[in-house]
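Have a look at the fold first, then read on.

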Amino acid sequence: MPLFTSSLKTVFAAALTVAVLATTGTGVSAAPAVSPEPQARFLAASEPLPPSRLIVAYEDDIAAFRGKRRTAMSFAAAQALDTTARTRIDDLAASAGQPMRYRRRLGNGALLVDADGGLDEAALTRLAARIKARRPAGLRYVEPDRILQPVLTPNDPWLGNLWGIAGPAQVNGLAGVNAYTAWDRTDGSGATVAAIDTGYRPHADLAGQIVAQYDFISDAASANDGNGRDSDATDPGDFRVSGSCGSSGTSNSSWHGTHVAGTIAALANNGVGVAGVAYGAKLVIARVLGRCGGTTSDIADAIIWASGGTVSGVPANPRPAKVLNMSLGGQYPCSSSPTLQGAIDSARSRNSTVVVAAGNSNMDAAGFSPASCNGVISVAAIGDGGSRAPYSNYGASVDVAAPGGDMSRGSTVGILSTYNNGATTPGSDSYAYLQGTSMASPHVAGVVALLYAAKPSITPDEVESTLKGNVRSFPVSCSGCGAGLVDATLALAAIAPGPGSLRFSTASYAVTENGVSATISVQRSGGSAGAVSVNYATANGTAIAGSDYIATSGTLNWADGDITTKTFSVPMIDDTLAESSETLALALSAPSGGASLGSVKTATLTIADDDSSSVKSTLAFTAGSASISEAAGSATVTVSRTLGSTGAVSVNYASSNGTALAGSDYSAVSGTLRWNAGDTASKSFTVPINNDTAAEANETITLSLSAPGGGAVLGATKTQTLSIIDNDGAPGTLALSSTNYTVGEAGGVATVTVTRSGGSYGTAAIDYTTANGLAMAGSDYTAKAGRLVWASGDAASKTFTVTILNDKLKENPETILIRLSNPQTATLGSPASGTVTIIDND
């Protein structure tokens with residue numbers, strides 16, 4: 001099966017097909033292009049499609065395999081079953097008058113059969129009916145092996161943010177799944193999610209997240225990687241050329257699985273790109289969708305394997321997933337595919353929850369699979385305003401809704417996630433906005449992973465009832481969108497209320513000097529079990545306790561079940577000095593009763609002066625630093641007016657050289673920004689950027705504000721550093737700083753340095769590992785593996801440490817082997833391997 005898109009069609013060409021649920025959006029590359037990977041063998045336009053296929057199931061086979069969900073079958077037993085299968089298919093072929101050949105057995109015990117002759121949909125359906133009409137002994141069902149096709153539509157350039165994971169506490173979270181607050185409880189650590197999709201591209205934001213993978217695509221032509229099933233689920237690209245897959249159309253690669261994986265579990269707090277809904281969870285990748293889509297037989301096997309079941313000829317999954325995401329489907333009711341329904345039932349029997357996309361045809365989801373299958377959580381898509389996306393399927397088969405994007409309103413409201421910038425074959429890491437129920441489904445899969453992390457014993461039925469019973473109401477009407485909008489925080493609180501987390505209601509507060517006091521609010525969220533408390537205190541910023549405000553500290557308390565907002569006051573001292581606005585710091589600490597500190601545990605209080613009638617407002621840059629690509633043409637710089645709007649005010653601006661030089665790197669600017677009385681809208685000016693061809697380090701321009709007029713004063717951010725990101729340079733080379741590092745056994749740690757030289761353009765990363773030399777992990781040192789990441793323009797050396805264990809044995813010097821591998825963007829230099837020598841102290 002393929003991905004769900006805004007224009008979905010079911011195609012029967014070779015075998016029957018279903019479709020991928022995403023529309024292509026626009027993307028921004030996070031790194032410069034690199035030389036493409038060695039090309040896999042691609043299907044020529046004249047090559048034939050895979051043969052037409054049926055799935056045939058017998059009662060005794062299904063019963064036998066139902067009892068062998070977790071144990072491998074002996075070779076002799078498998079041979080005996082294959083012999084019986086060939087005999088049965090030969091008999092069926094003779095009876096039906098149609099050449100047929102036994103191909104292999106599926107994970108549920110059904111038989112995959114080639115029906116020669118290139119039968120189309122109608123012919124395959126008639127053949128299945130002819131076989132069933134003859135009532136062969138023991139036959140349980142026969143169905144076409146359907147295939148799904150992605151249909152992708154380009155969109156305009158994008159700007160935006162991760163509104164899909166935000167919540168009501170964020171300005172852009174009206175229609176998000178409210179993950180920010182849920183992260184105060186869990187980030188998904190301990191949970192594993194399977195993405196059953198197009199595979200994945202290695203990406204800096206997915207580094208270390210993938211713990212198991214397998215490529216289930218049987219047909220080499222569709223797999224596009226030169227072979228059939230194998231243990232490498234990386235995505236070589238699913239682009240099409242004219243004549244491939246029985247179509248005259250062409251399309252670029254979708255990188256659909258990479259985008260889905262990022263929405264579920266992209267890394268957070270790594271200084272790179274985006275964050276997944278369950279960024280602490282791990283991923284299992286089952287590749288089922290290739291250039292020609294994916295077959296029911298391959299997808300059914302992937303469902304069984306991903307959830308921990310046994311599939312003949314496929315190595316056991318070392319990390320069975322409790323959450324399965326399928327952003328794919330086709331236009332036929334699930335009641336017509338016992339193979340697909342049986343695989344889903346099998347996964348549920350192993351306590352795995354299956355989350356699926358509802359489909360993108362603006363039709364009743366009851367006519368689509370797997371959206372209409374029993375036991376799945378079927379997800380419709382909404383836009384950032386909370387209404388059903390115009391492409392999304394709907395109806396009684398839909399369980400819940402989640403963010404999928406509506407880029408008909410603009411590219412800024414798609415779903416941003418990990419991507420690849422290669423048009424056909426793989427290029428470099430990037431990020432892109434897409435839309436579709438394919439994007440809605442992984443948001444819910446991520447929330448389900450948070451539930452499994454909080455309560456590992458939770459069952460699929462309990463997951464569904466928890467999600468549906470703890471939704472937020474839609475902000476606007478959303479007919480046929482299920483029970484409501486999925487809310488991670490409400491769902492977590494329902495399964496394990498806990499004491500909750502405590503946080504400021506905002507990161508910034510403001511008060512005028514003559515306001516007597518400022519009222520500061522603190523919230524309790526994510527649980528209400530038990531009595532809890534938290535300490536608060538003020539600290540000087542530019543405002544000084546005793547002259548500008550009265551220092552305040554104390555404790556806020558909540559009773560069991562109490563989730564009301566608590567407040568404390570900070571008294572102001574109204575002096576007679578004409579001065580700029582001043583700030584003081586607010587902090588929460590020492591939560592009790594099992595509560596944790598939330599994401600906003602510090603805040604700033606700004607005191608606006610009231611002693612000069614000429615002070616009408618504060619003028620400042622909206623940010624102290626910004627960056628712009630050398631190729632952008634110009635940078636837009638914004639200045640805000642806050643804390644007053646009385647009278648007309650103005651401020652001068654000017655640029656000056658940092659490391660960038662006016663005339664060669666940018667055009668010098670200066671001028672005046674003006675506000676009328678009552679006008680508080682931000683004003684902006686532009687700085688022209690010169691796109692030269694020199695490979696050089698990133699350079700900076702200093703921007704300054706001066707001479708505020710009309711009684712205004714300058715705010716704290718009166719200068720801004722604008723960085724010009726070079727687009728001509730090389731990404732550089734990553735290497736160890738030495739082939740040998742020495743440390744005393746009592747030294748505690750060995751520090752290993754990795755350098756970046758010869759260029760710093762683009763984000764770069766590299767993996768490092770240790771291995772035994774003469775030293776043994778566990779007795780002489782602690783094994784270490786990880787990844788170092790450089791931002792674009794960052795040429796500073798990075799380090800990692802290896803913990804040394806101080807034993808009591810007298811021994812010769814021992815060595816640890818260290819190795820660098822898997823460079824991203826940059827090249828692997830020399831030395832790439834070395835040793836750490838431990839000098840004995842005994």
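A residue is called buried under 20% relative accessible area, exposed over 50%, and partly exposed in between, using a 1.4 Å probe and protein chains only. This is a predicted model, where local features need pLDDT of at least 70 and side-chain atom pairs count only at pLDDT 80 or more, while totals for chains, interfaces and linings use all residues. Numbering starts from 1 along each chain as its sequence is written, and side-chain values use heavy atoms, with hydrogens and water left out.

**Salt bridges**

A salt bridge here is a side-chain nitrogen of Lys or Arg within 4 Å of a carboxyl oxygen of Asp or Glu. By that rule, there are 25 salt bridges. Here are some of them:

| Pair | N to O distance |
|---|---|
| Arginine 53 and aspartate 114 | 3.0 Å |
| Glutamate 59 and arginine 140 | 3.8 Å |
| Aspartate 301 and arginine 229 | 3.0 Å |

Helices (H or I, at least four residues) and strands (E, at least two) are DSSP runs, numbered from the N terminus. Arginine 53 and aspartate 114 meet in a salt bridge; arginine 53 sits in strand 4 (residues 52-58) and aspartate 114 in strand 6 (residues 111-115), so this pair ties together parts 61 residues apart in sequence. Arginine 53 is buried at 1% relative accessible area, and aspartate 114 is buried too, at 0%. Both also turn up in a salt-bridge network that links Arg53, Arg101, Arg103, Asp114 and Asp219.

Glutamate 59 is partly exposed at 39%, and arginine 140 is partly exposed at 40%.

Aspartate 301 pairs with arginine 229 in a salt bridge. Aspartate 301 belongs to helix 7, and arginine 229 to the loop between helix 5 (220-223) and helix 6 (256-265), 72 residues apart. Aspartate 301 is buried at 0%, whereas arginine 229 is partly exposed at 22%.

**Helix 7 against helix 8**

Axes are lines fitted to C-alpha atoms, for helices over the stretch in contact, with angles from 0 to 180 degrees between N-to-C directions. Those of helix 7 (residues 296-306) and helix 8 (residues 338-349) come within 8 Å and cross at roughly 5°. Angles under 35 degrees count as roughly parallel, over 145 as roughly antiparallel, 65 to 115 as roughly perpendicular and the rest as oblique. Helix 7 and helix 8 are therefore roughly parallel.
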